Amino acid sequence: MGIRAFWIALLALTVIASCSVRQPEISARFYVFGTLVDVLVRDTDQATADAAFAEIQQQLQALHRDLHAWEPGPLTRLNQAFSLGRTVTLGGDIPILIEMSRWMEEMTEGRFNAAAGALVALWGFHTSEFPVSSPPPTEYDIRRILMMGPSTFDIHADGQTFSSGNPAVQLDFGGIAKGFAVDRIIALLESRGIDQCMVNAGGDLRAVGGSNRSPWRVGIRGPEGVQVGIELAGRGAVFTSGSSERYLEQEGQRFPHIIDPRTGQPVSGLVSVTVVSDEGWFADAAATALMVAGPDEWQQVAADLGLESVLVIEQDGNVIATQVMAPLLIAEQKVISAIRFVTLPAGRFSEG
Ligand code: ADP
Ligand code: MG
C-alpha cells in the first residue's frame with residue numbers, strides 16, 4: 001500500500017471510530033401524571049435505547065396507576081381504607097413514598113405533608129382541568145380537616161400491612177411523585193449502561209453525564225419574562241414548584257394548588273421556587289415545601305433540608321438565589337445583576 005492509500009485508509013478508520021463513539025442523541029417522549037416526559041440519551045446505540053424506552057414506558061404506566069391521587073387504583077384504595085379504619089396490604093412503590101414523605105414532613109415541620117390530600121381535594125385540585133373554577137371551600141370545611149391534623153406519622157406499617165389511626169389521612173404524592181418517576185427512569189437507564197442522559201418532565205428534570213466541557217444546559221421553569229438557565233456539569237436534578245400554572249381562579253383572585261397544611265390555605269408570596277439537588281424526589285418535594293415556607297422562611301427551611309442551590313422568584317418579581325447557585329446560572333448580564341444572592345443560615349437539624 002502506498003503511503004497515500006495508507007493515510008486515506010487510516011482517515012476512514014478514524015471517521016468510523018469517532019462515529020461509533022460519538023453517536024447522535026436519541027430521544028423519546030412519554031406521559032405520566034399529566035406531564036409529558038422527554039428522555040434524551042447520548043452515546044448509546046439505537047437498540048440499547050429502544051430496549052430502555054420500552055421498559056420506561058412500562059414503568060411509567062405502573063407508577064401512574066399506583067400513585068395517582070384520584071384515578072381509581074392502589075392509592076385511592078389505600079385512602080379509602082384509611083378513612084374507614086381498615087387495613088390494606090401493599091407492595092410496589094407506595095411504602096417507599098410514605099417513608100420519603102414522612103422524612104420530608106419531619107424536616108420541614110409539616111410544611112410538606114403528603115397526608116393532607118383531603119385539603120388538596122377540598123380546593124378542587126384533584127383534576128387535570130386548570131384553572132379550576134369551582135368556588136373555594138368554606139372555612140368550616142377546612143377547619144374540619146385541620147382539626148383532625150392528618151400526618152404521615154399517623155400511618156402504621158406492619159410488614160406490608162398499612163393502616164391509619166387517623167381517618168383524615170389521605171395520601172397525595174403530587175408534590176413528590178414526578179421527581180420519584182424521574183429518578184426511576186434515570187436508574188433504569190444507568191442500569192443499562194447508559195451514562196449520558198437527561199429526563200425532562202415539563203421543565204422539571206434530572207441529568208447524568210454532563211461534564212465541564214459539555215455541561216447540560218437547561219432552562220428554569222419560571223414566569224414569563226424571567227429567562228434564566230442552569231448549567232449542570234456531572235449530574236443533578238432541577239425542580240421548580242410554582243403558583244403560576246395550576247390554580248383555582250375566583251373573581252380575579254388566584255389560589256395556587258400548593259396548600260399550607262397548617263392553615264388549609266393555598267400558598268402566597270412566592271411565584272416559584274427552583275431547587276437543584278442530586279435526586280428528583282427530594283428536589284421536587286423540597287421545592288413544594290419552600291413554596292409553603294414563603295418569602296420569610298424559605299431560607300431557613302432550605303438550610304434545614306441541607307439544600308445549597310435554590311432560586312426563588314417573589315410575587316413582586318424579585319429574584320433571589322443562593323450564592324452557591326451563582327456559578328451555575330446562565331442569563332443575560334442585566335438579569336444576573338438583578339438577582340440578589342444570599343447565604344443560607346445554619347440548618348437546625350443537622351447532626352454535624
Ligand atoms: P408543580 O410542579 O405543579 O408546581 P408541586 O411539585 O409543588 O407542583 O406539587 C403540587 C402538588 O403537590 C399539588 O397538586 C398537590 O397534589 C400536592 N401538594 C400540595 N400542597 C402540598 C403540601 N403542602 N405538601 C405536600 N404536597 C402538597
Ligand atoms: Mg414538588
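Author: The shell around ligand 1 divides into 6 nonpolar, 8 polar and 6 charged residues, where Ala, Val, Leu, Ile, Met, Phe, Trp, Tyr, Cys and Pro count as nonpolar, Asp, Glu, Lys and Arg as charged, and the others, Gly among them, as polar. This is a predicted model, in which local features need pLDDT of at least 70 and side-chain atom pairs count only at pLDDT 80 or more, while totals for chains, interfaces and linings use all residues. Residues are numbered from 1 along each chain as its sequence is written, chains are lettered from A and ligands numbered from 1 in the order in which they are written, and side-chain values use heavy atoms, with hydrogens and water left out.

In total, 20 residues surround the ligand, and the closest are Asp172, Ser241, His257, Ile259 and Thr288; a residue is near a molecule if one of its heavy atoms lies within 4 Å of it. A backbone N or O atom of Ile259 lies 2.7 Å from a nitrogen atom of ligand 1, whereas Gly242 brings a backbone N or O atom to 3.1 Å from an oxygen atom of the ligand, and a polar backbone atom of Gly174 is 3.3 Å from a ligand oxygen. Taken alone, ligand 1 exposes 570 Å², of which the protein buries 93%, as given by the Shrake-Rupley method with a 1.4 Å probe. Two or more shell residues come from each of β10 (234–242) and α8 (280–304), helices (H or I, at least four residues) and strands (E, at least two) being DSSP runs numbered from the N terminus.

The space taken by ligand 1 is the largest pocket, meaning that more than half of its atoms lie within 2 Å of the grid points. A pocket is an open set of points on a 1 Å grid over the protein atoms alone, with protein on both sides within 12 Å along at least five of seven lines, and lining residues have an atom within 4 Å of a point. About 1000 Å³ of space lies in this largest pocket, and of the 45 residues that line the pocket, Asp172, Gly174, Gly175, Arg246 and His257 are the closest to its centre. Its lining draws two or more residues from each of α2 (46–67), α5 (117–122), α7 (177–191), β10 and α8, with the largest share, 4 residues, coming from α8. By class, this lining has 19 nonpolar, 17 polar and 9 charged residues.

Methods: Polar contact = N/O pair within 3.5 Å; in protein donor to acceptor, adjacent residues only side chain to side chain. 1 Å grid on protein atoms, 1.4 Å probe; cavity = no way out; pocket = protein on both sides within 12 Å on 5 of 7 lines; lining within 4 Å. Points joined across faces, edges and corners; volume = space filled by probe spheres on them.
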